Each structure stands twice: as structure tokens, then as C-alpha cells.
There are 2 protein chains.
Amino acid sequence: MKIIKYPVLTDIKYLLKRPLIDNETIKEKVLSIINEVKINDDKALVKFTRKFDGVVTTELMVTKNEINEAELKIDNRLKRAIEIAKDNIYKFHNSQISKIVKVEIEAGIKCWRKDIPIQKVGLYIPGGSSPLFSTLLMLGIPAKIAGCKEIIICTPPQKDAKIAPTILYVAKLLGIKNIFKVGGAQSIAAMAFGTNTVPKVDKIFGPGNQWVTTAKQIVNSYGVAIDMPAGPSEVLVIADDYANAKFVASDLLSQSEHGADSQVILISTSETLINSVKIEINNFTNKLTRKSIIEKSLKNSAIILVNNLEEAIDISNYYAPEHLILSVKNYNRIADKVISAGSVFLGNYSPESAGDYASGTNHTLPTNGFASAYSGISLDSFMKKITFQKLTKNGLSKIAFAIETMAEAEGLDAHKLAVTIRREKANG
Amino acid sequence: MKIIKYPVLTDIKYLLKRPLIDNETIKEKVLSIINEVKINDDKALVKFTRKFDGVVTTELMVTKNEINEAELKIDNRLKRAIEIAKDNIYKFHNSQISKIVKVEIEAGIKCWRKDIPIQKVGLYIPGGSSPLFSTLLMLGIPAKIAGCKEIIICTPPQKDAKIAPTILYVAKLLGIKNIFKVGGAQSIAAMAFGTNTVPKVDKIFGPGNQWVTTAKQIVNSYGVAIDMPAGPSEVLVIADDYANAKFVASDLLSQSEHGADSQVILISTSETLINSVKIEINNFTNKLTRKSIIEKSLKNSAIILVNNLEEAIDISNYYAPEHLILSVKNYNRIADKVISAGSVFLGNYSPESAGDYASGTNHTLPTNGFASAYSGISLDSFMKKITFQKLTKNGLSKIAFAIETMAEAEGLDAHKLAVTIRREKANG
């Protein structure tokens, strides 16, 4: 990890350059996969599953039997752990249900918004060698609370043509029955346009590799909604002398083990802490199974020494990290200054892992600086808000002057007419 | 308008096919405009303003003087009308402010979400021959309530190199000072990447022609947030015998006057009403200034006779109209069944014009069937929600088992480590 001492804020954009995501080079290939799925339907899915996953199967849908078998393979410890996570994620997302507030704009004019679940949603869950069942909890629970009518899962099969038992177990636990053994760009195309087996959905969720995220970007430009743009995972830790070097090192490492393109950043006011963290990172790394990934991602990463915590939070807001850990004494004071971040962890006992798995918050968050304009997944992501209005004769009469005058000024006669004839009828 | 009698729901997708939007043909041209702005900065803006707007100017920013002069040109009637609209839009969007709810997941684990304004937003306002100052009210008011730090406007100049006085007046009223005389794809590129004069923004809002909407789609695929995908405007009216044929005709016409590609649909249980509406449409059309546009858009449009209101709302939900007017006796009963729509208008005295201008709801809504997954503009569109969490030693200890077990099952050692070392420290 490179160490940067007392940088000026204007240099941060160069110093903290994110690993470049180059989707352009594979875009043509992804486009041709999408087009082939559109034309050849399930046949294309079978073909690409053979080609990319090395799995020969024409059975694209997971059977009831497979789901029941999977449950037997999950030990009770893991079942208990998943149950705890599920309860907490449920509790936090359930608290996000909003009530209808009918606003009386004036007597006779009422306006309100109503949340309606998006009817058909598709969840992409990375599978193969590293099945992320925790992501299924993070997407499936809010989809269920929202009341989405059709929830489907696409996930690539393992070499044995099966789906990881953990994914099938969580799907069963959440009551999601339609699971398809399709991954990659082909699964995104299938969910966007529908095939004979895979139903078309209104919105596609979930993380994936470059092929998946490029395909999501393309179908989004065709009008299919997606959760958010994707990029490599990242964490930024702000730490002062109150921080624990071991804790900070482990937080940086838990982000860096995600992938070689992950970026982890430590900003500290304390050179002593920085030195200790470096030592702890070295100590820990040697004991971790994903050592080689960690070593690569630490090369994209940086430690920054600053004069004070104001400088630290300024850099963080500029960078807009996916995860922000505030390992500082006065974390509330610094938390108040956060402007751009996906999810914020306060104090020494709120590691990112807590939010990744079981505290209740969602772990699907905006990366790559997208936190400046995007929010993480929440119940809202599975809903749309529809506005309603009811005007009485009197209500409309009160604002008729405004509508007629403005419509006329915009040259929209018929807009004016719709009010004029009602006003005349109401008054006559 | 074609008349369809008693269709089966499965045929609706063919019968109500929307006018095709073909952005592909201009995509290459838009891309080259975007690239030229990226390379040549303001020079490219000057060039394209000359080319597309026929205006030769190097002064891209509206001056204070121009704003003050514009105010003098607005008569008091229109000022009063705008004031009424502004107050109502303000009231409805201000009611959308959400309070922070700290959720205690378990003792020692608190999670919450906080709304933070998107810092820099760009509003595109169509100008030239038909300046839409009402759209500036609809975008500028929630941006101001949200507290966005930098709000800029891009709008194409008129032939005299000026911006319409109505737009400048509304901008002044809302306290928006940075207004740029740039339109088309070039303005979207400028806001997405920044030029010497036009600042880069985090999110771009506003309707526009095909060049603008294609440019928004392209910069969105580069990671710049946009409000929503675009398409031609549309209204669907469901009417029974309780409806007033004149009112219904005027509502259909006020949508059809928007553009030749607008689509208007009437679904009714009453053949008598349908016949009367047809007569009224003919009568009114001859008196309207935008007659030629109306005649074109009515060709994309349809009247559907159905057996009952259940069939009507099923068709509507399938179509997912931008605007839905329920001119039926039991509008509340039908309103409860709305699943996909941008904005819904209840009863005989709630015309679309009310929501377009002055009732308080937003008129920037999902078209083209996007209402199945997207919401219209609201205060939320100018905010992002950041999650926060604070765990105490005890709080973390309670869920440590779940996190460690799940991280292990996903093969993420360092995630587990971050909890293990804290748990051991807390217990020791």
C-alpha cells in the first residue's frame, strides 16, 4: 500500500484514482450474447452455459427435489446463523415501509403518494465457485416485504450442474421457488426480454462479474430497470488514536479479499496508528486463504496521513466510498459531516462485516463513486411511488386561474380548455 | 382514433403498441457530439449552438442583467399564476421530507438511514420555440427543498440568443443563478463531464427531444445518474356513464397536443359515452392552435370498449400509462386496483392539467411503460439515502456467531477475522 502524507485535496482525484473498469472491450461480445438470447431463446442459454460454465444441461430450472436435497446439506449451525441474519435484515427493511400521507394542498385539493411493489423482479446471484447466499438474503428479503408478485433468481451452475445448497436453502427459506441455472450476460438478457423458460422481469438486481454488469448496463439502456451501476468493491477507514490497529487492519483486509480490483483506503491523523496497521496487515495476510487476491488489491490501495479529521472527511466525501468506517473517538461529530458514502460504520465495534451479513442493513451499495448520486438497495428499490390527486369542483376552481394562465403562456390550448370547460360547468 | 371493441387482454400488447422510439439511428451522431464536447470543451458548445440552434454566441452563461430584464417582461397575471403553482408544488414536495428513524435491531445494534442532498444537479429545460417554465418549477422546487448545493440549468437559446423570459423569471424566483444557453446533446455532455464554463454535475434531470434523451441514456451508461428513461407523453382515461364527454375529450386532447408521437387512450364501458367523446374531440380540435399535431397523435391513439371496469383497469395496468384519469363513479374502488401508472387523477374535476401545472404533484413522470418499474420525480430524486450503524461491544457479540459462521461458509476469512478479534477483545 502506498503511503501519502498530507496531500492537498485537489490532488486526491489523481492519488485515489480507482482501478479502471473497461467494459468497452467486452461490450461487443456482450451485445452479441444478448442478441443471440433474443433470437434463439432457451437454446442460446443452453449454449452459453456449456461454453462459459462448462456445464451441459437442458434443464434450466431448479427442481423441487434439488431444493429439498439442498436443505439436507446445510448444517444446523449455518441454519441458525442465517436465521439471525434474516431476522435482522427483515427488521430493518420492514421499518422502511412508508405510510400514505394525504396532503391537503388547499380545501378541495388532495394529493398523495402510494407505494406499489414492482410486480416482477429478477435477482442475479453470483454462483459457481463462490456462491453468495448473503446477497440473496439482501435482495430477497426486501423483495418479499415489498410484495413483488413474481421473484425469480438466476445463478450460474457449478461444474456438477447443481446450484450451491446455500443458495437453494436461502431461496426456500424466503419462499422463492423459480430459480434458473443460468449465469453471465445470457441470464441478464433472459430476464430482460424473457425466454420460453425464464420470465421477463420489470427490474434486475444483483452484483456480478464484468459480463453481468455490462449486460445490465446494456439492457438498462433499452429501458429495463436495474438496481444501480456496478464497480469494484471498496472501503475507506478514517481512524485516529482511539482506533485499534488490529481492528482497522482486519477491516481493510476484509474488503481487499473481495477481488483483485477492490480498493481499500485508510486515512488517519496518527502516524503511530498507520505504522501499527501496516504491521498488522502483514501479520494477518499471511494467515488468510485469499492471500493472493489481497496482495493484488492492496496494490490499488492507499494510506493517507492528514493533519486533522476535517481533512479526512473532506477526502472521503470527495471519494464517495461504498463503505466508510469511522474508527474515531468523536464518531458522531464526523458522521454528521458525511455527504457521500454508501454505508457508514461508527466506532470500534461496528465492522463492515456486520453490515455485510447480519446487523440488518443492506450490503448492496453504490461503488465506484456512484454514492454521490445513488443510494444502496432498500425497500424503496422494490417499489414505485404513484401519485394520486382528487380535486373537488371548488378545489379546481381555486387553481383554475393558475392553470389556465400558465397553459396559455406555454401555448398549450387544450390544457387550458380542460380546465376552462370544467370551471364554467362548476360555476354555471 | 381507432376503436377496439371488447378485446382480449392478451391482444392488448399488439393493439396498444406505442409509437416506436428509434434512438439507434442518431446514437452515433450523439456519441460524436459528446466526444467533441469532451475534447474541445466550450468551443464545441459554441459550435453546436451555431449549428443546431442557429445562434452565434460565445457567451454561454446568462448574465444578471438578462435575468433582471426578463422579470420586467412577465405580466402580473402570469406572476400570480406562477406563485400559486409554486406554493402548491412546494407544499406537496415539502411533505415528502422524511425523518431519521433509528431502528434498534437488538440492544446494542442501531441502524438508520439519513437523507443527504445530491450535491450538484443539472436541470435540462426545453427552450427555443416552446420554453417549458412549468418543468423548471417541477425540477427546481424539489432540488431547492432537498438542499442541493449547486443547481444549474441548461436550456437552448432562442433565435435572438436570449433565453425565454418565463424561464429566467422562474429561475430567479427559485434562486437559481447559473443558467447556460446550451441545449441538445451538447448540453448533456457538458453537464456530465464539465467544461470550462458549465460545471460537471452528479445527476441530470429533465425532458428533451430525441437528441437530449439519447445523450442522457449514453452518459448514464458512463455512470452519470439521470432522472429516468424518456419516451413520448401519454394519457389513459377510464370512463363510465358518470363521465362528462366534453371533459374526457378535453383531457385526451391536452395530451395529444404535446407532440405528434403522443398517445392517448380512452377505455370505457359505455358506447354512448364513446360516441359523444368522438364528436366532442372533432368539435374541439378545429378550434385548437396545435390542430396539426393533435391530428397526428390521434392516429397513434385508440378508444377501447370493454365489458366492465375490471377489464379496463387490467388493460391500464398492463399498459402502465404515464397519466391515468379515472372518470368513473366509484373512482376510489378502481384507484385501489392501480398497479402501474405515473400519476392518477380521480373523478370528473381532476384533469391532467391540474397535475401538469398547479395542484402540487410533479409532472415529470415515467412514460413508455416505464411506470412498471420507475416512479415520477419527487423529493427523493434529489436525495440519496445513506445507511448508518452503531454496534456496541455487546451488540456485536450478539451477532458475532452469525457473521463468523456465514463469512466462513462464503469463504471470506478476513470478514470473519474482523469479528473474531473484536469478539475476543470484548470478552477478554
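**Figure 1. B:K38 lies over the face of B:Y222, at 5.0 Å from the ring centre.** A charge is said to sit over a ring if NZ of Lys or CZ of Arg is within 6 Å of the ring centre and within 35 degrees of the ring normal. You're looking at a predicted model, where local features need pLDDT of at least 70 and side-chain atom pairs count only at pLDDT 80 or more, while totals for chains, interfaces and linings use all residues. To find your way around, residues are numbered from 1 along each chain as its sequence is written, chains are lettered from A and ligands numbered from 1 in the order in which they are written, and side-chain values use heavy atoms, with hydrogens and water left out. Chain A has a charge and ring like this too: the charged end of A:K102 sits over the ring of A:W112, 4.2 Å from its centre.

**Figure 2. B:F193 and B:Y222 make a tilted aromatic pair.** Over all chains, the structure holds 14 aromatic pairs. Rings of Phe, Tyr and Trp (its six-membered ring) pair if their centres lie within 6.5 Å, and planes under 30 degrees apart count as stacked, over 60 as edge-to-face and the rest as tilted. For B:F193 and B:Y222 the numbers are 6.1 Å centre to centre and 50 degrees between the planes. B:F193 is in helix α8 (residues 184-193) of chain B, and B:Y222 is in the loop between α9 (210-221) and β8 (225-226) of chain B, so this pair ties together parts that are 29 residues apart in sequence. Helices (H or I, at least four residues) and strands (E, at least two) are DSSP runs, numbered from the N terminus. Buried means under 20% relative accessible area, exposed means over 50%, and partly exposed is in between (1.4 Å probe, protein chains only).

**Figure 3. B:F247 and B:Y349 meet edge-to-face.** Why does this pair get that name? The ring centres of B:F247 and B:Y349 are 5.4 Å apart and the planes are at 75 degrees, so the pair is edge-to-face. It links distant parts of the chain, with B:F247 in helix α10 (residues 245-256) of chain B and B:Y349 in the loop between β13 (343-346) and α15 (352-357) of chain B, 102 residues apart. Both B:F247 and B:Y349 are buried.

**Figure 4. Five strands of chain A form an open, parallel sheet.** Read across, the order is β6-β5-β4-β7-β8. Two strands pair if DSSP finds at least two bridges between them. At the edges stand β6 (178-180) and β8 (225-226) of chain A, each with a single partner strand, so one side of each is left without a neighbour in the sheet. Strand β5 (residues 150-154) of chain A is joined to β6(A) by three bridges, and A:C154 stands opposite A:F180 in β6(A). Helix α6 (residues 133-146) of chain A packs on the sheet, touching β4 (120-124), β5 and β7 (203-205) of chain A, and its direction makes about 170 degrees with that of β4(A). Contact means heavy atoms within 4.5 Å, and axes are lines fitted to C-alpha atoms, for helices over the stretch in contact, with angles running from 0 to 180 degrees between N-to-C directions.

**Figure 5. Strand β14 (residues 383-391) of chain B is mostly covered.** Eight of its nine residues are buried. Strand β13 (residues 343-346) of chain A pairs with β14(B) in the parallel sense over four bridges, and A:V344 stands opposite B:F388. Strand β3 (residues 109-117) of chain B runs antiparallel to β14(B), joined by nine bridges; here B:D115 has B:K385 as its bridge partner.

**Figure 6. Nine strands from chains A and B share an open, mixed sheet.** The order is β2(A)-β3(A)-β14(A)-β13(B)-β12(B)-β9(B)-β10(B)-β11(B)-β1(B). Its edge strands are β2 (103-106) of chain A and β1 (2-5) of chain B, each pairing on one side only. From one strand to the next, the twist averages 20 degrees. β2(A) runs antiparallel to strand β3 (residues 109-117) of chain A, with three bridges between them, and A:E104 has A:K110 as its bridge partner in β3(A). α10(B) lies across β9 (234-239), β10 (263-268) and β12 (323-327) of chain B, at about 170 degrees to β9(B).
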